[in-house]
Amino acid sequence: MTTTAANPAISVAGWPGCEPRLLSDAVEDGASYVAGGGYRALPDAEEFLAEVQRSGLLGRGGAAFPLAVKMASVRAAAVRRGQGPVVVANGEEGEPASIKDRWLLRNRPHLVLDGLRLAAAAVGATRGYVYVSDPAAARSVENALAEVGPEVFGGLALSVFAVDAGYVAGEETAAVRALNGGPAKPTDKPPRPYQQGVDERPTLVSNVETLANLPYLQRHGAAAFRSAGTALSPGTFLATVTGGARPPVLYELPHGVAVAELLQLHGIPLDQVRGLLMGGYFAGLLNREGLDATLDHETLRAGGSGLGCGAIAVLTDDCPVAAAASVLAYFGRENAGQCGSCFNGTAAMAAVAEALRDGVATAEEVERLQRWAGVLPGRGACGTLDGATNVAASLLIRFPDLVADHLAGACATCRGGAFRAERPYAVEEVTA
């Protein structure tokens with residue numbers, strides 16, 4: 001386990017027996033990155049796109065959408081409309097419990113830029129942006145761009161675009177809206193960015209970690225990429241583990257690692273685990289049965305959860321009811337304020353959860369929470385409302401005994417001082 005120079009508060013670690021592809025011990029510079037084989041000659045666009053498809057690389061931002069499908073859609077739309085597309089490296093990490101994208105931008109900016117230029121070559125783009133809200137990440141990328149000449153990027157004009165941090169600011173239509181001069185808030189779909197994005201051009205918006213996998217794929221090919229992970233979730237991924245009264249750690253893991261094995265490596269006794277927030281705030285809560293799961297998209301989806309952005313918050317001393325109340329209150333504050341169903345729905349669900357935490361909710365209010373969790377999904381312009389309903393539904397489904405205890409005012413943990421946090425399980429940063 002090592003501590004990064006760019007952020008001394010965050011430690012990083014690989015998985016035993018799995019060679020890291022994304023993490024490194026030192027902050028890279030342009031010369032060392034080139035000496036290590038970076039910024040190779042650009043490949044043939046169609047051949048590289050086919051290799052991305054063979055790799056099965058899934059997006060690492062949360063939705064796990066196949067990158068090759070997104071790239072091919074942008075390329076086809078650009079040809080159909082006769083417009084040059086735009087590429088965007090999305091590093092606006094609005095999920096408080098995740099640090100992976102900021103770590104990559106601060107410590108391995110050339111890896112990200114190399115991946116962005118490869119994506120641009122594959123879709124035929126000549127304009128690209130690195131979209132961030134973290135000032136240290138922005139400085140790191142600016143410095144990296146100054147270290148190498150423009151010829152490295154093969155005619156791709158690149159710049160850094162900074163916005164204020166916010167949970168919704170990283171949604172892809174919010175990124176496009178901000179780049180077009182508007183607020184960093186989501187818009188209704190369609191059109192989707194691949195159809196009409198920045199400057200009304202077909203636009204590829206891809207997560208920073210996703211793009212950072214492309215240089216490895218160029219060097220080693222799809223078969224080597226698939227040598228780690230599972231058939232449906234190939235490759236490695238970055239997992240931010242927080243909570244459990246332990247310092248946060250950023251791990252690089254092959255998909256398919258058991259949750260229990262990761263927590264043991266992290267130093268958390270399994271008998272102390274009360275629950276998990278899986279995939280950041282979006283996928284909701286898991287009870288102790290989550291210890292039996294493996295960290296891949298197919299397994300977690302089958303269990304009614306999700307890997308999301310790879311953020312895992314461990315609940316040991318905290319009551320899951322109180323944790324859910326904090327997350328729902330966060331959604332209530334952070335929603336974009338554009339959709340009535342989301343603006344009102346997140347606030348209403350948060351109010352019930354907080355009353356439940358404090359032992360003053362009624363059975364009728366809990367029934368309303370259950371109803372809202374069933375009827376509100378899909379009614380917002382982005383995933384915020386869906387995330388809130390996932391948290392509410394998973395609390396009621398997976399912790400019925402705790403909910404009953406709270407209705408009876410019988411939770412010993414919360415009587416001793418309930419967990420409350422403005423940004424639950426957030427990674428507290430050092431931004432010098």
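I started with α13 and α15: α13 passes α15 in a left-handed crossing. Left-handed means that the near helix is turned anticlockwise from the far one by less than a right angle, and clockwise would be right-handed. The contact takes in S341, C342, T346, M349 and L356 of α13 and T384, L385, A388, T389, A392 and L395 of α15. I count contact as heavy atoms within 4.5 Å. By class, the residues of this contact are 7 nonpolar, 4 polar and no charged. Nonpolar covers Ala, Val, Leu, Ile, Met, Phe, Trp, Tyr, Cys and Pro; charged covers Asp, Glu, Lys and Arg; the others, Gly among them, are polar.

A note on the source: this is a predicted model, where local features need pLDDT of at least 70 and side-chain atom pairs count only at pLDDT 80 or more, while totals for chains, interfaces and linings use all residues. Residues are numbered from 1 along each chain as its sequence is written, and side-chain values use heavy atoms, with hydrogens and water left out.

Next, the geometry. Helix α13 (residues 340-357) packs on α15 at about 25°, with the axes 10 Å apart. Axes here are lines fitted to C-alpha atoms, for helices over the stretch in contact, and angles run from 0 to 180 degrees between N-to-C directions. α13 and α15 are therefore roughly parallel (angles under 35 degrees; over 145 is roughly antiparallel, 65 to 115 roughly perpendicular, the rest oblique).

I then turned to helix α14 (residues 363-375) and helix α15 (residues 384-398), whose axes come within 9 Å and cross at roughly 130°. That makes α14 oblique to α15. In this contact V366, L369, Q370, W372 and A373 of α14 meet T389, A392, A393 and L396 of α15. The residues split into 7 nonpolar, 2 polar and no charged.

Which aromatic cluster holds Y281 and F331? I found Y167, Y281, Y330 and F331 in one cluster. Rings of Phe, Tyr and Trp (its six-membered ring) pair if their centres lie within 6.5 Å; planes under 30 degrees apart are stacked, over 60 edge-to-face, the rest tilted. Both Y281 and F331 are buried (under 20% relative accessible area; exposed is over 50%, partly exposed in between, with a 1.4 Å probe and protein chains only).

Last, W15. W15 sits in the loop between β2 (11-14) and α1 (30-35). W15 is buried, at 15% relative accessible area. Beyond neighbours within four places in sequence, W15 contacts E252, L253, P254, V257, E261, L262 and L265.

Methods. Helix = DSSP H or I, 4+ residues; strand = E, 2+ residues; numbered from the N terminus.
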